[in-house]
Every structure is written in structure tokens, then in C-alpha cells.
Amino acid sequence: MTTADLLGDAFNRIADDASDIVTDLAQEQLSWRPNGRGNSIAWLIWHLTRVQDDHVSELAQLPQSWTDDDWHHRFGLDLDVSDTGFGHTPEQVAKVTADAASLTGYLQDVTARTKLYLASLGESDYPRIVDESWDPPVTLGVRLVSVVNDDTQHVGQAAYVKGFLLD
């Protein structure tokens, strides 16, 4: 098993878990926010997908699926096209609404692109420095693990919100 295989499995699990969470939920349920100000399931799944799309596209030096595959128009959000949700205020979180098919469709597209990129990598690629603004500098492997970590945290949060929603 290669590093690409392991990372690909992690990204598949993220997509599968996200799909399981949103399946059979109406758009109103996906937009429900704990205490009226927390992150909704729709926002959490959209955000984790935007982060993966943004970061992996940058690494691959390819356009993001968000714009390249027209997801930004399909979602029709009142947000800048470059917005990934980082640092969103409660008011901005409220702007992110979507149905389950859109959330899973976008994540499936991004996951497929991610796996194509991973398939293009060799073991010697992972130690390559991709960001010198950190100390120590960030390698390609560390950046990809960081995306997996961020995505799995948000999938867990979405599952937690769903538990409150359906309780």
C-alpha cells in the first residue's frame, strides 16, 4: 500500500461519512443551527469541501472544482467565489444553504479530483516543501494530512449537529 492509497482511503471515508450524514435530510434540516448561531450541517460539509478543493487544487496547480465545474453557480451563495468559510461570522454561516444532492455532488467531484492528484504523486513527492511561511516549513505530505484532519473534524461536527437535530 502506498501513501497515495492511504490518503485516498481517508478522503473516500470523509466523502462516505458526509454522504451518510446528509442523506435523507431536508434542506431546512441541513440549515438548522444549534442555538441559532452555530455551524449548520450544510455549512460544515460545504466548508470541508471548499477547504479540500482549495488546498488540493493549489497543490496540483489546477483550477478549483468550485469554479471550474460551476459549483459556485449551482450553490448560488451570496459569498465571494474565493470564500472557503474560514473565519465566517454567524451571519456568513447563515448564508450557506444547500440540499443534500448539491453537498454530496460537490464533495464527490472534489474527492475524485483529489484522488487523481494523489495518483500522480510518487513517494518522493511528499517531502517537498509547499509552504515556507511556517516554521518548520510545510511539506506536501503534511499539507495533505492537514486537509484530512480538518475534514474529519468537520464531518464529526456535522454528525454531532445531526444528533441534536434528530434528538
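Arg143 and Asp131 form a salt bridge in which the closest N and O atoms are 3.0 Å apart. This pair links distant parts of the chain, with Arg143 in helix α8 and Asp131 in strand β1, twelve residues apart. Arg143 has a relative accessible area of 14% and is therefore buried; Asp131, with a relative accessible area of 18%, is buried as well. The model is a predicted one, and the values reported here are computed from it.

In total, seven salt bridges are counted. Another of them joins Asp68 to Arg113, with the closest N and O atoms 2.9 Å apart. Asp68 belongs to helix α4 and Arg113 to helix α7, so the pair ties together parts that are 45 residues apart in sequence. Asp68 counts as partly exposed because its relative accessibility is 46%, and Arg113 is partly exposed with a relative accessible area of 25%. Salt bridges that share partners join Asp68, Asp69 and Arg113 into one network. A further salt bridge, between Asp53 and Arg50, has its closest N and O atoms 3.6 Å apart. Both residues of this pair, Asp53 and Arg50, lie in helix α3, three residues apart, which is about one turn of the helix. Asp53 and Arg50 are both buried.

Helix α1 covers residues 3–22. The buried residues of α1 are Ala4, Leu7, Gly8, Ala10, Phe11, Ile14, Ala15, Ala18, Ile21 and Val22. They cover an arc of only 160° around the axis and therefore lie on the same side of α1. On the face of α1 turned away from this buried side are the exposed residues Leu6, Arg13 and Asp20. The cover over the buried residues of α1 includes α2 (27–30), α3 (41–60), α7 (100–119) and α8.

Asp24 follows α1 and is found in the loop between α1 and α2. Although Asp24 is not a glycine, its phi is positive, at about 75°. With a relative accessible area of 76%, Asp24 is exposed. A positive phi, near 70°, also occurs at Asp70, likewise a residue other than glycine. Asp70 lies in the loop between α4 (65–68) and α5 (71–75) and counts as partly exposed because its relative accessibility is 34%. The peptide bond from Asp135 to Pro136 is cis, with omega near 5°. Pro136 is placed in the loop between β1 (129–131) and β2 (138–139).

Two further residues of helix α8 were examined. His154 lies in this helix and counts as buried because its relative accessibility is 10%. Apart from neighbours within four places in sequence, His154 is in contact with Leu44, His47 and Leu48. Phe164 is also placed in helix α8, which spans residues 140–166. With 44% relative accessibility, Phe164 counts as partly exposed. Together with Trp32 and Tyr160, Phe164 forms a nonpolar patch on the surface, and the three residues have about 340 Å² of accessible area together.

Technical notes:
Residues are numbered from 1 along each chain as its sequence is written. This is a predicted model: local features need pLDDT of at least 70, side-chain atom pairs count only at pLDDT 80 or more; totals for chains, interfaces and linings use all residues. Side-chain values use heavy atoms; hydrogens and water are left out. Patches are made of residues with over 30% relative accessible area and no salt bridge: like charges are joined within 9 Å, nonpolar side chains (Val, Leu, Ile, Met, Phe, Trp, Tyr) within 5 Å. Accessible areas come from the Shrake-Rupley method with a 1.4 Å probe; for residues, only the protein chains shown count as cover. A salt bridge is a side-chain nitrogen of Lys or Arg within 4 Å of a carboxyl oxygen of Asp or Glu. Helices (H or I, at least four residues) and strands (E, at least two) are DSSP runs, numbered from the N terminus. Buried means under 20% relative accessible area, exposed over 50%, partly exposed in between (1.4 Å probe, protein chains only). The expected span of a helix is 1.5 Å times one less than its number of residues. The arc is that of the directions from the helix axis to the C-beta atoms. Contact means heavy atoms within 4.5 Å.
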